[in-house]
Amino acid sequence: MKKKCLFYGLHLTIFILVIFFWARMTFGYDHDTGRLSAPGLGALKYFTIQSNLLCALGSLSWMLGLGRHDNVRAGFWALFRLAGVVSVLITFLVVIFFLGPLFGFAGMYAGSSLYLHLIVPLLALLTFFLTGAGADIPQKKTLWAALPLLLYGIGYVINLIVHWTEHGPGRHDFYGFATWGLPVGLMIFLLLLCVAAGLSFGLCRLSHALAHRKQT
């Protein structure tokens with residue numbers, strides 16, 4: 001019972017944090033969000049917002065019990081939650097290794113961004129392992145968790161190409177991936193896809209190993 005209460009508490013915390021800070025950004029109440037934030041629905045163009053909302057929906061699906069008592073659907077909903085975790089971890093890593101050094105960490109962790117770039121991803125990772133969600137995912141299907149990043153990246157690149165001028169993509173490259181040219185931007189995107197695929201596979205392998213250890 002204590003474990004179940006802990007799991008509910010963690011998932012509920014993730015859901016509330018994401019919805020609350022997304023709402024603050026959306027309605028313009030968070031004036032210290034630093035870079036990569038926008039009022040209104042414009043914030044949805046950022047992968048940070050999309051990934052956090054996906055993660056929040058994954059937590060909601062767990063709290064609603066979706067797939068927990070159905071062997072056929074358990075794998076799907078566990079994969080759905082894994083996709084949310086992998087997506088927010090990509091956000092977490094991009095901020096640490098790319099956006100932070102490029103734009104400054106102060107802006108990356110100001111206001112709502114502190115929760116969406118740092119706290120929620122770490123909470124999501126902790127919750128994923130504690131609930132053992134990865135044990136329900138067949139390892140041959142783990143790469144599907146990288147699909148949200150793939151779809152976002154395709155849309156991002158198409159937007160860059162459509163708006164590309166002799167001066168570059170301008171404000172449409174809000175992540176700065178094409179700062180050194182479109183080919184470099186594509187390489188960064190492919191690298192992120194490889195990282196997402198590695199995270200998907202690695203998290204599930206570790207989750208399977210932990211589940212097996214508990215049984216023995």
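Analyst: Happy to. One definition to start with: a residue is called exposed when its relative accessible area is over 50%, buried when that area is under 20%, and partly exposed in between. Please also keep in mind that this is a predicted model.

User: Got it. So is Cys-194 buried or exposed?

Analyst: Cys-194 counts as exposed, because its relative accessibility is 55% and the cut-off for that class is over 50%. Cys-194 is found in helix H7.

User: Nice. Switching to cavities: how many are there of 30 Å³ or more?

Analyst: The count comes to 2 cavities of that size. The largest cavity holds about 240 Å³ of space. It is lined by 21 residues, and the closest to its centre are Leu-149, Tyr-152, Tyr-175, Phe-177 and Leu-192.

User: Which helices supply that lining?

Analyst: Helix H2 (47–63), H3, H6 and H7 each supply at least two residues of the lining of the largest cavity. H6 gives the largest share, with 6 residues.

User: How does the lining of the largest cavity divide by class?

Analyst: There are 17 nonpolar and 4 polar residues, with no charged ones.

User: And the second largest cavity, how much space lies in there?

Analyst: About 100 Å³. The second largest cavity has 13 lining residues, and His-11, Ser-59, Arg-81, Val-85 and Ala-124 lie nearest its centre.

User: Which classes do its lining residues divide into?

Analyst: The lining of the second largest cavity has 7 nonpolar, 5 polar and 1 charged residue. At least two residues each come from helix H1 (2–26), H2, H3 and helix H5 (112–131).

User: Since you mention H5, is Leu-125 buried or partly exposed?

Analyst: Leu-125 has its place in helix H5. At 24% relative accessibility, Leu-125 counts as partly exposed, because buried means under 20%. Its C-alpha atom and that of Lys-4 are separated by 17 Å, for residues 121 apart along the chain.

User: OK, on to pockets. What volume does the second largest pocket have?

Analyst: The second largest pocket has a volume of about 180 Å³. Its lining consists of Ile-90, Leu-93, Val-94, Phe-97, Phe-98, Phe-177, Ile-188, Leu-191, Leu-192 and Val-195. The elements that give two or more residues to this lining are helix H3 (71–103) and helix H7 (182–215).

User: Which of them gives the largest share?

Analyst: H3 does, with 5 residues.

User: Where does Val-162 sit, and why does it count as exposed?

Analyst: Val-162 lies in helix H6, which covers residues 147–162. Val-162 counts as exposed because its relative accessibility is 60%.

User: And Ile-158, exposed or partly exposed?

Analyst: Ile-158 is in helix H6 too. With a relative accessible area of 48%, Ile-158 is partly exposed, because exposed requires over 50%. The C-alpha atoms of Ile-158 and Thr-26 are separated by 25 Å, and the residues are 132 apart along the chain.

User: Great, thanks!

Technical notes:
Residues are numbered from 1 along each chain as its sequence is written. This is a predicted model: local features need pLDDT of at least 70, side-chain atom pairs count only at pLDDT 80 or more; totals for chains, interfaces and linings use all residues. Side-chain values use heavy atoms; hydrogens and water are left out. On a 1 Å grid over the protein atoms alone, a cavity is a set of points where a 1.4 Å probe fits but cannot get out, and a pocket is an open set with protein on both sides within 12 Å along at least five of seven lines; lining residues have an atom within 4 Å of a point. Grid points are joined across faces, edges and corners, and a volume is the space filled by probe spheres set on the points. Helices (H or I, at least four residues) and strands (E, at least two) are DSSP runs, numbered from the N terminus. Buried means under 20% relative accessible area, exposed over 50%, partly exposed in between (1.4 Å probe, protein chains only). Ala, Val, Leu, Ile, Met, Phe, Trp, Tyr, Cys and Pro count as nonpolar, Asp, Glu, Lys and Arg as charged, and the others, Gly among them, as polar.
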